[in-house]
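Me: I am new to this structure and would like to know what stands behind the labels used for it. Please set each value against its cut-off.

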Amino acid sequence: MQVGDIQIDAVIDGIARAVPSEAYRWGVGEGSGRGLDDADWEPHRQFLADDGMLEMALGGFLVRTGAHVVLVDAGIGVFNRGVFTGGAMLDNLQGLGVAADDVTDVVFTHLHFDHTGWATVDGAPVFRNATYRCDAADWAHFVPSDERATRKLSPIENQLETWGEDGTLLPGVDVRRAPGHTPGSTVLVLSSGDARAVLLGDAVHCPVELIDDEWATIGDVDPNLAKRTRISLARELEDSGTPAAAAHFPGLEFGRLLPGEGKRTWTF
Ligand SMILES: [Zn+2]
């Protein structure tokens with residue numbers, strides 16, 4: 001994926017495979033909606049694997065702007081539990097010609113465990129030369145109150161810079177707050193000249209959530225806020241036609257939301 005002078009590559013770490021109606025119960029609270037019954041998925045089989053499972057990629061995006069080698073999200077790490085399997089990220093990064101020490105910036109869309117797996121290993125930062133970056137609200141939410149996140153993330157504290165508002169993080173990389181999934185969930189807008197693309201993080205897990213405003217979401221800290229955020233993102237993507245990818249879309253592929261008569265469609 002090329003956006004003007006910016007090169008974007010998917011860096012797969014692994015995959016999560018789940019029964020879709022079960023995955024959408026992980027976060028059921030006030031914000032529940034469609035997707036909780038298998039029948040809801042029938043018109044949307046194109047988003048499921050042949051065997052009916054919801055396959056969610058784990059990993060991140062390598063964003064090369066020229067001056068910066070940016071890793072957006074750091075996968076789940078070496079992990080094989082429940083529906084999650086991970087561990088391939090550094091090898092796949094190497095396959096793109098990038099060693100861990102080459103990464104100048106690690107930008108987290110949010111701090112859930114499946115986005116921070118390779119932040120540190122055995123208490124040491126994996127990306128030794130990088131500045132780690134996240135929204136201040138997420139750092140405050142997870143560190144130190146979440147024990148697992150604190151163990152994973154506290155070793156990067158000396159390399160950490162947080163943002164507290166929308167704006168340009170790096171040349172060609174803008175952050176826009178998209179709260180709800182977590183307090184500091186953020187969408188990244190990558191731009192070069194007239195070209196742009198959007199990384200949606202976990203504001204959306206599956207494209208069906210952009211098509212149907214009443215679809216459920218997965219694992220939100222604040223489901224109602226997450227829903228409002230997602231609906232406004234869908235409006236924008238529909239109007240602009242900007243290519244977008246979320247952190248768990250199959251193969252981390254980009255697509256576009258197309259307007260239709262009363263019914264939006266998603267095309268990879
Ligand atoms: Zn996630």
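Predicted model: local features only at pLDDT ≥ 70, side-chain atom pairs only at ≥ 80, totals over all residues.

**Labels and their cut-offs**

Me: What makes the arrangement around the zinc ion irregular?

Reply: The 4 donor atoms around the zinc ion subtend angles of 86 to 165°. Residues are numbered from 1 along each chain as its sequence is written, and side-chain values use heavy atoms, with hydrogens and water left out.

Me: Which atoms coordinate the zinc ion, and at what distances?

Reply: The donors are D114 (OD), H115 (NE2), D202 (OD) and H248 (NE2), at 2.0 to 2.3 Å. Donors are N, O and S atoms within 2.8 Å of the metal (3.2 Å for Na, K and Ca), and sites may look incomplete because water is not among the atoms. Along the sequence the donor residues follow the spacing D-H-x86-D-x45-H. D202, in the loop between β15 (195-199) and α5, and H248, in the loop between β16 and β17, are 46 residues apart. Those element names come from DSSP runs, numbered from the N terminus: helices are H or I with at least four residues, strands are E with at least two.

Me: Are D202 and H248 buried or exposed?

Reply: D202 has a relative accessible area of 4%, and H248 has 3%. Buried means under 20% relative accessible area, exposed over 50%, and partly exposed in between (1.4 Å probe, protein chains only). Both values fall under 20%, so D202 and H248 are buried.

Me: What makes the contact between D9 and R64 a salt bridge?

Reply: A salt bridge is a side-chain nitrogen of Lys or Arg within 4 Å of a carboxyl oxygen of Asp or Glu. For D9 and R64 the N to O distance is 3.1 Å, so the pair qualifies. D9 sits in strand β2 (residues 6-18) and R64 in strand β3 (residues 54-64), 55 residues apart. D9 is buried, at 16% relative accessible area.

Me: How many salt bridges does the structure hold?

Reply: The structure holds 15. One of them joins R176 and E236, with the closest N and O atoms 2.9 Å apart. R176 belongs to strand β13 (residues 173-177) and E236 to helix α6 (residues 223-240), 60 residues apart. R176 has 30% relative accessibility and counts as partly exposed, as does E236 at 37%.

Me: Where does E238 lie, and why is E238 called buried?

Reply: E238 is in helix α6. Its relative accessibility is 17%, and the limit for buried is under 20%, so the label applies. Contact means heavy atoms within 4.5 Å. Not counting residues up to four places away in sequence, E238 touches L257, P259, G260 and R264.

Me: Which residues touch the most other members of the largest nonpolar core?

Reply: They are Y24, W41, L54, L200, L210 and W266, in a core of 35 residues. The elements giving two or more residues to this core are β2, β3, α5 and α6. A nonpolar core is a set of buried Ala, Val, Leu, Ile, Met, Phe, Trp, Tyr and Cys residues joined through side-chain atoms within 4.5 Å. A second, separate core has 26 residues, including M89, A119, W139 and F142.

Technical notes: Tetrahedral: all angles 85-135°; square planar, octahedral: opposite > 155°, others 65-115°.
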